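Please read it alongside the sequence and the coordinates.

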Amino acid sequence: MAVAKNVKAQKEIAFSWEGTDKSGKKVQGEMIAGGEAVVSSTLRRQGINVKKIKKKSSFGGGKKITPKDVALFTRQLATMMKSGVPLLQAFDIVAKGHANPAVQKLLIDIKSNIEGGNSLSKSFAKYPLYFDTLYVNLVDAGEQAGILDGVLDRLATYQEKILAIKGKIKSALFYPISIIVVAFVITAIIMLFVVPAFKELFSSFGADLPAPTLIMMSISDFFVRYWWLIFGSIGGGFWFFFYTWKRSRKMQEVMDRALLKLPIFGLILEKAAIARWTRTLSTMFAAGVPLVEALSSVAGAAGNIVYYHATLKIRSEVSTGTSLTIAMQNSGIFPNMVQQMVAIGEESGALDSMLGKVADFYEAEVDDAVASISSLMEPVIMVVLGGLIGSMVIAMYLPIFKMGSVVG
């Protein structure tokens, strides 16, 4: 699934930059953009005199920094601040205790920015490759309200739950994909190596072969003759599909809408999107971020372009005075239960709590659905693979059975 907020027609990569601000002070940071010219123009608009821009292939040394690393760091930082550990000291402790050199360097650089006089949110904002707008906005709200430790704790919980639900979705999609891959591999092995061996054996029979056997041998001949075309077409097709899906806005819109309409899996993806949407809005609203501003960050959080466009419409209506409940009803994509819970939250002044309860409910729904699919897919895999292999074996042994009955 694509995150619509980051959909670009042009491929974006990470750049590191150095320069001086309006006061002549040396500054540096990172930016994701489509090219050096974009970085340079963006920084100039911010009043920065750019001295150096360099393309980054990875962050420092070591393994790639993953969302799980960021979630773990956020949890550790929240725990230490709640325990009264000073911010800079907390960065030192987390950095020294991490096994990944890339994470260590990232945290040390952020600490250096803080020591240079920048706020924590502004220091995070210099590394958008790892800390998105939602993350930065929440930290900024926590700093402004003086509840940074509480906001970091909420943010860590939010990231952990989002990672968990992403894992559930991947688990649900793994089974059908595994069936297709295993079935294709087994078929290719049989067609390339097993059937040709039987074909040599049958050539000495001097009798007519059954129709299923002739069909199987014809398919095998095609595999042997054009194996390079088959594997090349499949590999190239998958590469082109995912390349286009990742970079084409139109393709992402088509796929996101199609995924929601899939039987069984579409319902799971819809529930997951609602869970992420409500969880994100609950976390931001509880941190004190104004509703309209929070909806800007929520737009891309559901991970589906249908909810992205709907959220932009909701934000537009809310900004003109419409209640969140009415705006959600007008979008036409949220179930009645979600609308009723939001309405109760708005009337009682506990919107963040109600949104959190909705997120909990839909996360549990996703868990149950994935567990059910996992238990059902195991026998399905056995039936599909058994039927595939069994039909091939029967087709190739029919001549032998026929000859045995004649001899008998």
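One cavity of 30 Å³ or more is counted in this predicted model, where a cavity is a set of points, on a 1 Å grid over the protein atoms alone, at which a 1.4 Å probe fits but cannot get out. The model is predicted, so that local features need pLDDT of at least 70 and side-chain atom pairs count only at pLDDT 80 or more, whereas totals for chains, interfaces and linings use all residues. Residues are numbered from 1 along each chain as its sequence is written, and side-chain values use heavy atoms, with hydrogens and water left out.

The largest cavity is lined by I65, D69, V70, F73, V103, L106, L107 and F131, lining residues being those with an atom within 4 Å of a point. Helices α2 (67-82) and α4 (101-115) each contribute at least two residues to this lining; helices are DSSP runs (H or I, at least four residues) and strands likewise (E, at least two), numbered from the N terminus.

The second largest pocket has 20 lining residues, and W17, V27, Q28, N118 and K126 are the closest to its centre. A pocket is an open set of points with protein on both sides within 12 Å along at least five of seven lines. At least two lining residues come from each of β2 (26-33), α4 and α5 (120-125), and β2 gives the most, with five residues.

The table sets out the two spaces; a volume is the space filled by probe spheres set on grid points joined across faces, edges and corners. Ala, Val, Leu, Ile, Met, Phe, Trp, Tyr, Cys and Pro count as nonpolar, Asp, Glu, Lys and Arg as charged, and the others, Gly among them, as polar.

| Space | Volume | Lining residues by class |
|---|---|---|
| Largest cavity | about 30 Å³ | seven nonpolar, no polar, one charged |
| Second largest pocket | about 520 Å³ | seven nonpolar, six polar, seven charged |

F131, which lines the largest cavity, also belongs to the largest nonpolar core, where F124 and F131 touch the most other members among 87 residues. Such a core is a set of buried Ala, Val, Leu, Ile, Met, Phe, Trp, Tyr and Cys residues joined through side-chain atoms within 4.5 Å, buried meaning under 20% relative accessible area, exposed over 50% and partly exposed in between (1.4 Å probe, protein chains only). Leaving out residues up to four places away in sequence, F131 touches V70, F73, L106, I110, F124 and V136, contact meaning heavy atoms within 4.5 Å.
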